[in-house]
Amino acid sequence: MIKNIENIELQFLTIDDYQELKTAMIEAYATMPDAYWREIQIKTLIDKFPEGQVVIKINGQIAGCALSIIIDYKNFDKKHTYSDITGNFTFKTHTYDGDVLYGIDVFIKSEYRGLRLGRRLYDYRKELCEKLNLRGIAFGGRIPNYHKYSDTLSPLEYIKKVKRKEIHDPVLNFQISNDFHPSKILKGYLEGDEASNEFAVLLEWDNIYYEKKSTKATSMKTVVRLGLIQWQMRSYKNLDELMHQAEFFVDAVSGYRSDFALFPEFFNAPLMAENNHLSESQAIRELAKHTPQIVQKFSELAISYNINIITGSMPEIKNNLLYNAGYLCKRDGTLERYEKLHVTPDEAKVWGMQGGSELKTFDTDCGKIGILICYDSEFPELSRLLADEGMDILFIPFLTDTQNGYSRVRHCAQARAIENECYVAIAGSVGNLPKVHNMDIQFAQSMVFTPCDFSFPANGIKAEATTNTEMILIADCDIDLLRELNQFGSVRNLKDRRKDIFDLKKTEPKKKTE
């Protein structure tokens with residue numbers, strides 16, 4: 001390793017660097033005679049794609065180099081060769097209309113190895129890939145130590161041993177440590193590469209920020225603003241008065257340009273007071289008669305206030321059975337229904353409520369979301385299934401009467417954020433309803449939870465409301481941070497699952513009868 005380093009600089013390669021570059025390539029590829037680029041080839045690369053050709057200079061001297069082109073990946077078979085990719089070394093395959101940055105060459109001179117200069121070159125490639133909105137980086141990685149083991153190991157076995165650190169391969173070890181994943185063994189990739197027995201490993205890196213080109217006037221938001229309503233249970237004369245209060249909160253959170261408004265479970269329970277003379281089971285069925293009007297009104301509010309509204313939940317009768325259900329009222333005017341899958345023992349005993357059967361994610365203009373009602377948050381399998389469908393934000397409307405009931409929801413919700421690498425928003429009701437049987441008191445502290453890693457709050461709490469106080473809670477959720485966590489987090493709860501020893505899948509529910 002060289003001493004007395006005064007300056008390290010990353011520069012674009014110029015044709016004036018060629019003679020020094022040629023000397024460096026001859027030294028770097030000493031085991032492959034004549035394996036250096038001709039001047040006309042370097043000039044072609046620079047002319048076609050100048051920002052793809054870079055060198056690292058130390059004290060003004062070339063220490064390393066990285067060359068690349070952009071290709072349209074679908075035009076190449078997974079079993080391609082180096083000659084295929086480069087257009088027989090003419091680089092006619094390069095196109096700015098492509099979708100993948102393909103690495104043509106990268107090397108560090110021997111006297112500069114150990115300075116982690118190769119990482120700088122790869123970091124530049126990643127930044128370039130993100131800047132150009134390409135879907136990833138690919139290249140054929142040499143396995144220069146394979147010839148030592150080719151008599152006893154297949155290329156696949158060799159790669160597995162390298163990954164398990166049983167064999168050291170300086171090139172492959174370096175690529176894997178820089179977040180590239182092997183996807184294919186390429187036979188006959190580079191003619192003359194005897195050290196690798198002419199095998200290479202197709203290595204790929206996925207750009208988590210890549211966005212497909214769209215013809216639509218709108219684009220998917222990456223920072224999503226949530227508006228949570230911590231609802232005060234109080235007496236209302238009628239449905240119009242209750243919805244007037246609901247509109248007040250929709251107006252309030254939309255005034256802060258929130259993308260979602262989340263209401264609590266059974267926020268409309270005060271309307272049961274007019275039927276308090278009936279049994280609990282009859283009173284909640286009378287309450288269910290208001291549900292269609294409430295959903296219609298929320299849909300109108302979603303459109304007029306330009307906000308997606310999650311209606312908490314309401315009793316709803318389907319096929320003469322009572323369910324705890326809610327609606328996602330999107331600002332584009334569409335409606336989607338969700339239902340509580342696990343009813344509590346009290347809901348079943350007092351109201352005769354049935355558990356639903358449909359579990360799914362919802363596509364919105366802010367990405368995929370999931371919604372679980374209260375008790376469902378205490379069953380981790382549900383949110384994991386939603387995470388497998390691509391959920392970024394989980395909304396949990398809840399209703400709890402005591403602090404221990406609230407604590408179950410709160411702590412389970414936070415666990416869901418960590419294990420599923422998503423944001424979780426919970427919203428509940430406060431206050432009391434002395435004139436409604438089985439709904440006397442409420443306890444809530446609405447919150448937004450995050451995973452626990454360096455890009456997020458250390459305690460995993462993005463925002464929290466004041467306990468048992470009517471208020472709104474506004475929080476911004478950066479979806480890109482979830483993508484980084486999934487790929488580069490300190491731990492990777494989704495990617496590191498041992499799917500070889502357990503599996504989780506949906507089953508078809510049995511049809512219910514009256």
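Which residues form one aromatic cluster? They are Trp231, Tyr236, Phe248, Phe249, Phe263, Phe267 and Phe298. The model is predicted, so to speak of local features requires pLDDT of at least 70, side-chain atom pairs count only at pLDDT 80 or more, and totals for chains, interfaces and linings use all residues. Across the whole structure, a search finds 29 aromatic pairs, counting rings of Phe, Tyr and Trp (its six-membered ring) whose centres lie within 6.5 Å. Phe248 and Phe249 have ring centres 5.1 Å apart and planes at 70°, which makes the pair edge-to-face (planes over 60 degrees apart). Phe248 is partly exposed at 48% relative accessibility, while Phe249 is buried at 4% (buried is under 20%, exposed over 50%, partly exposed in between, with a 1.4 Å probe and protein chains only).

Elsewhere, the charged end of Arg38 sits over the ring of Tyr36, 4.2 Å from its centre (CZ of Arg within 6 Å of the ring centre and within 35 degrees of the ring normal). Arg125 likewise lies over the face of Tyr122, 5.6 Å from the ring centre.

The largest holds about 90 Å³, and strand S13 (residues 335-339) gives the most to its lining, with three residues. Among the residues lining this largest cavity are Arg337, Tyr338, Glu339 and Phe362. The second largest cavity has a volume of about 50 Å³, and its lining includes Met272, Trp351 and His437.

Notes:
Residues numbered from 1 in each chain as written. Heavy atoms only, no water. 1 Å grid on protein atoms, 1.4 Å probe; cavity = no way out; pocket = protein on both sides within 12 Å on 5 of 7 lines; lining within 4 Å. Points joined across faces, edges and corners; volume = space filled by probe spheres on them. Helix = DSSP H or I, 4+ residues; strand = E, 2+ residues; numbered from the N terminus. Phe/Tyr/Trp six-rings, centres within 6.5 Å; stacked < 30°, edge-to-face > 60°.
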